[in-house]
Amino acid sequence: MSGGTEPARGERRGWSRRRFVGAAAGTAATASVPARAMTAAPVDPAAAPDPPAPSPTPASEPAPSAPPASAGPRSLLLGTYTSVEGGGTGIGLATYDPVSGRVTGAGSRTGVADPSYLATHPDGRTVYAVNERQDGGVTAIRRDGEGGGHEVLGTRGTGGAAPCHLSVHPSGRWLLSANYGSGSVAVHPIDASGALGERTDLVTHSSPAPGPGQQGPHAHQFVTSPDGGHVLAVDLGTDTVYTYRLDLGRGTLTEVSRARTRPGAGPRHLTFHPGGRYAYLANEVDNTVAVCAYSPATGRLDIGEAQSTGTGTGTSYPAQFVVSPDGRYAYLANRGHNSLTRYAVEAGGARLRLLDTVPVGGDFPRHIALAPGGNLLFAANQRSSTVSVFHVDRASGELRLAGEPFASPVVVCALPL
């Protein structure tokens, strides 16, 4: 990105500057700031449909969350960069033990270029990967069950540069992707086989003007709201989260709302609370997070005040939030600080309370994900080419490293299935 926020990423071959991010680590802090809406009335916790989450209670002995019903090995897919020195050869294939967290390598699926972000179809039978290159694409890969083969079904162009995120609409009929380099979002249809059709829409974020230090829009995420009624695009370059209504018959987008962060925040990633009325926004450039109130009826998002990441005053490039399945805890990956921040989620999702940060056990945690059931957390560490696995205590939300990290070349996404 420009302005020094991601200083050296992908300057070769015209790629986006996202790829080779650099950051300075800060010192840990514990202060937190209660969130309240900037552009609307203060959030009323009583308006949330889900009951207030209880404060965490210390546990003398860690009690991991229950693993999935199937205790056998489960699939772990790894997104990599294939066009950098020492990079991967495609999508990394591995398995993990859902109890111990131990990861075992199983080769890779070649023939997929720069698959830096992965997502699965709701039926679990198809995986989708971005192809983060100047001429951006998205690829569909058919899975044949746990440990089975992976057939490439084809690639479609995204109409933009350096796609860095994708997601599948809950209906399973549409793939949503974000083009970081060109600041645009795209929609592709998904047929009954899981393959992708020709793009049905492409929207470039031409306004508002880029934020401080930015040269243009940089769409970083495109995701569906929990109610399924709206899709939201997070744009780091314009300091804006755009809400669209997706026509489920035609695959076209209609903008219905915009939410602005404070100038220069650089919003990167939005994660919803399970209750569906609140979301948590990671701001990459100014090293903050914010609680957002969301209206399912209108699609409006109201962004609360900036809060601490617990990493000190330096820029630490917060990357991604995940929320525990019961909605009681949230976790944030801090790339420059090489840590994970743990928050207690309170007031039915309307408040984050910073608890602590823990070392990630690797260098530059680009992506984090919870295993089904929430008892394990995976962190993909780009610079150390490792995946760290943590046990998650369901009572306290505490994280405990599950052995030595797993080595994988330039891994930037870990998708446990």
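**Note on the predicted model: rings, cores and sheets**

1. Tyr-244 is buried, with a relative accessible area of 2%; buried means under 20% relative accessible area, exposed over 50% and partly exposed in between, with a 1.4 Å probe and protein chains only. Tyr-242 also counts as buried, at 1% relative accessibility.

2. This is a predicted model, in which local features need pLDDT of at least 70 and side-chain atom pairs count only at pLDDT 80 or more, while totals for chains, interfaces and linings use all residues. Residues are numbered from 1 along each chain as its sequence is written, and side-chain values use heavy atoms, with hydrogens and water left out.

3. The structure holds six aromatic pairs. Rings of Phe, Tyr and Trp (its six-membered ring) pair if their centres lie within 6.5 Å; planes under 30 degrees apart count as stacked, over 60 as edge-to-face and the rest as tilted. Tyr-242 and Tyr-244 form a stacked pair, with 6.4 Å centre to centre and 20° between the planes. Ring pairs link Phe-222, Tyr-242 and Tyr-244 into a cluster.

4. Phe-321 and Tyr-343 form a tilted pair, with 5.9 Å between centres and 50° between the planes. Phe-321 lies in strand E21 (residues 318-323) and Tyr-343 in strand E23 (residues 339-346), so this pair ties together parts that are 22 residues apart in sequence. Strands (E, at least two residues) and helices (H or I, at least four) are DSSP runs, numbered from the N terminus. Phe-321 is buried at 1% relative accessible area, and Tyr-343 is buried at 0%.

5. Which residues have the most contacts inside the largest nonpolar core? They are Leu-77, Ile-91, Leu-118, Tyr-128, Leu-166, Leu-175 and Leu-196, in a core of 22 residues. A nonpolar core is a set of buried Ala, Val, Leu, Ile, Met, Phe, Trp, Tyr and Cys residues joined through side-chain atoms within 4.5 Å. Elements that give two or more residues to this core include strands E2 (90-96), E4 (118-120) and E5 (126-131). E5 gives the most, with four residues. Apart from this core lies another, of 16 residues, among them Tyr-280, Ala-293, Tyr-343 and Val-345.

6. An open sheet of four strands has the order E3-E2-E1-E30, with antiparallel pairing; two strands pair if DSSP finds at least two bridges between them. Strand E3 (103-110) and E30 stand at the edges with a single partner strand each, so one side of each is left without a neighbour in the sheet. Six bridges join E2 to E3, and Gly-92 stands opposite Ser-108 in E3.

7. Another open sheet has the order E4-E5-E6-E7, also with antiparallel pairing. Its edge strands are E4 and E7 (150-157), each pairing on one side only. Three bridges join E4 to E5, and Leu-118 stands opposite Ala-129 in E5.

8. Leu-377 is found in strand E26 (residues 376-381) and counts as buried, at 0% relative accessibility. The C-alpha atoms of Leu-377 and Val-389 are separated by 5.7 Å, although the two residues are 12 apart along the chain. Leaving aside neighbours within four places in sequence, Leu-377 is in contact with residues including Val-322, Tyr-331, Leu-340, Val-389 and Phe-390; contact means heavy atoms within 4.5 Å.
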